[in-house]
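Here are my notes on the model you sent over. Have the structure open while you read, and take the points in any order you like.

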Amino acid sequence: MSHIHLPDGVLPIWLWVSGFVVAILVGAILLRFIKKEDLTRRLPLLGMMAAAMVLGASVEIVPIAYHVNLTVISGILLGPSLIFLATFVVNMILALFGHGGITVIGLNTLVLSIEGILGFSLFRLFWRLLKRLTPAVFFATFLALLVSTFAMIGVVSLGTSHYEELIHQEGKGLFEFHFSKEKEDHHGDVAEKKVNLNRFIAILLSLGFIGWMMEGVITTLIVRYIHRLRPDLLRLERQV
Amino acid sequence: MIQLSYLDYLAVEGKSWLHHLSPKLKIIGMVLVLLGIVTLRGLPGLFLLYAILLTLFFVSRIPLRIFPLTLYPLVFAFLFIFISGFQILFILLIFLKVLCGSTGVVLLLATTPYPSIFRVLGRVLPSLFVTALFLTYRSIFILLNVLEETQHALYLRGGFQWRHPWRSLNNISNAFGHLIIKGIDASERMYESMVLRGFKDKIHYRGE
């Protein structure tokens, strides 16, 4: 849900260019924290988790228009530096399949990596505090999804003036077009042609809540399954 | 995502002039399409761009069963109907932008083998990123194979039924967990064989 599904050409140029610049800067800083050998050794794991995220994102739960991101579980397994690179790769592949625009990759990387990094950090924190796997994973996932969805809403609302410009742009642009509409009608329509962001947020949050609960439960059950079979992957013993 | 292997097959086996065109030119073409999508703000311009892309699609003899892939992103564009307050021209504009982008990308993927795309990207992007991209792309196929086996097990355990939500969530989670563990095992094996073949940070493509 926190993935920005906006196509190319909808967000203002300054916004998506800034997204790329900030994503590259953050990526460069985060990758400095990881040793080169560790990075090379974990690249195949990164590829596999990124592939799982791509597959998760392609399974749409139709009634609530939701797909699982699996970002939190990937964050838990990969750690904060690698999850950032993984989200970059995932967004690039998803964009190639029309799942969000190519120009939105930078912003999507920032939003999704907030989810992954926050999920990782909250999971470690809750595990340290509660010492119980189920609530630690569930609350970490739920809160990470909540925050990243608000980050996504923030990004979408930053482009509001641009959407309104697009709605009002009849007769402008590189190729002009005029439909048989009287000028006075146009003025009368202005109030109606405002972008209805509140409606969008209301729909998103109500559907999102069901999705966060569902993804929280799915992530918890996956982590429990992994904990039963390959506990070493969760690297929990270091913290106990 | 299941169509991915078929797209790869088309990209390798296709014989049209677009298949023979240099990958570099095709990627430059895709960048120009993106530039058009970002800058064009009128319906006629976008209609023209979409018509050109559709012509290329049919001229390249890409099978019609691939065409629905270009329509898939419209699912996500539907939220604009709500954002815009049902402004038909705005919705049409957004839908055309979406269709131009998706048709361009499908054209690129169906006419260019992915190692060629990654080779071109490797010249402009950091090698670490391109290697991660390559490994992810490869892993999707590994996971799809595991998924096929897992699906049978999932169906035998009842699959997904809205009447039994808890059991369904359990089934799906176990399937994903199984998928991830199998995938990680496969990734470890893949890494070992890559190291045996001399892998050090960067994947070298044929012809480099």
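This is a predicted model: local features need pLDDT of at least 70, side-chain atom pairs count only at pLDDT 80 or more; totals for chains, interfaces and linings use all residues.

1. Let's start with chain A. It has nine helices and two strands, and going from the N terminus the order is α-α-β-β-α-α-α-α-α-α-α. Of its 240 residues, 48% come out as buried. If you take the contacts in chain A with a separation of 6 or more, 77% of them link residues 24 or more positions apart.

2. Chain B is built from 11 helices and has zero strands, so its pattern along the sequence reads α-α-α-α-α-α-α-α-α-α-α. Buried residues account for 37% of the 208 residues here. For chain B, residues 24 or more positions apart make up 77% of the contacts with a separation of 6 or more. Along the principal axes, the C-alpha atoms of chain B fill a box of roughly 55 × 50 × 30 Å.

3. How is chain B divided into domains? Domain 1 covers 4–112 and domain 2 covers 124–196. The C-alpha centres of these two domains of chain B lie 29 Å apart.

4. Now for the place where the chains meet. Chain A puts 58 residues into the contact and chain B puts in 59. On the chain A side, the elements giving two or more residues are helix H2 (36–57), H4, helix H7 (160–167) and helix H9 (197–229). H2(A) gives the most, with 12 residues. Sorted by class, the side of chain A that touches chain B holds 38 nonpolar, 12 polar and eight charged residues.

5. Have a look at how H4 (residues 80–96) and H5 (residues 105–130) of chain A pack. Their axes are 8 Å apart and the angle is about 140°. Angles over 145 degrees would count as roughly antiparallel, so H4(A) and H5(A) are classed as oblique to each other. The crossing of H4(A) and H5(A) is right-handed. On the H4(A) side the contact is made by Pro80(A), Ile83(A), Phe84(A), Thr87(A), Phe88(A), Asn91(A), Met92(A) and Ala95(A). H5(A) brings Ile105(A), Asn108(A), Thr109(A), Leu112(A), Ser113(A), Gly116(A), Ile117(A) and Phe120(A). By class, the residues of this contact are 10 nonpolar, six polar and no charged.

6. Next, a backbone point. Most residues other than glycine have a negative phi. Leu70(A) has a positive one, near 60°. You will find Leu70(A) in the loop between strand S2 (66–67) and helix H3 (71–78) of chain A. Is Leu70(A) buried or exposed? Leu70(A) is buried, because 26 other C-beta atoms lie within 10 Å and 20 or more is the cut-off.

7. Arg61(B) sits in the loop between helix H4 (43–59) and helix H5 (67–71) of chain B. With 15 other C-beta atoms within 10 Å, Arg61(B) counts as partly exposed. I'd look at both residues on screen, one after the other.

Terms used
Residues are numbered from 1 along each chain as its sequence is written. Chains are lettered from A and ligands numbered from 1 in the order in which they are written. Axes are lines fitted to C-alpha atoms, for helices over the stretch in contact, and angles run from 0 to 180 degrees between N-to-C directions. Helices (H or I, at least four residues) and strands (E, at least two) are DSSP runs, numbered from the N terminus. Angles under 35 degrees count as roughly parallel, over 145 as roughly antiparallel, 65 to 115 as roughly perpendicular and the rest as oblique. A crossing is left-handed if the near helix is turned anticlockwise from the far one by less than a right angle, and right-handed if clockwise. Two residues are in contact if their C-beta atoms, placed from the backbone, lie within 7 Å. Ala, Val, Leu, Ile, Met, Phe, Trp, Tyr, Cys and Pro count as nonpolar, Asp, Glu, Lys and Arg as charged, and the others, Gly among them, as polar. A residue is buried if 20 or more other C-beta atoms lie within 10 Å of its own, exposed if 12 or fewer, and partly exposed in between; C-beta atoms are placed from the backbone. Domain bounds come from an automatic or database domain assignment.
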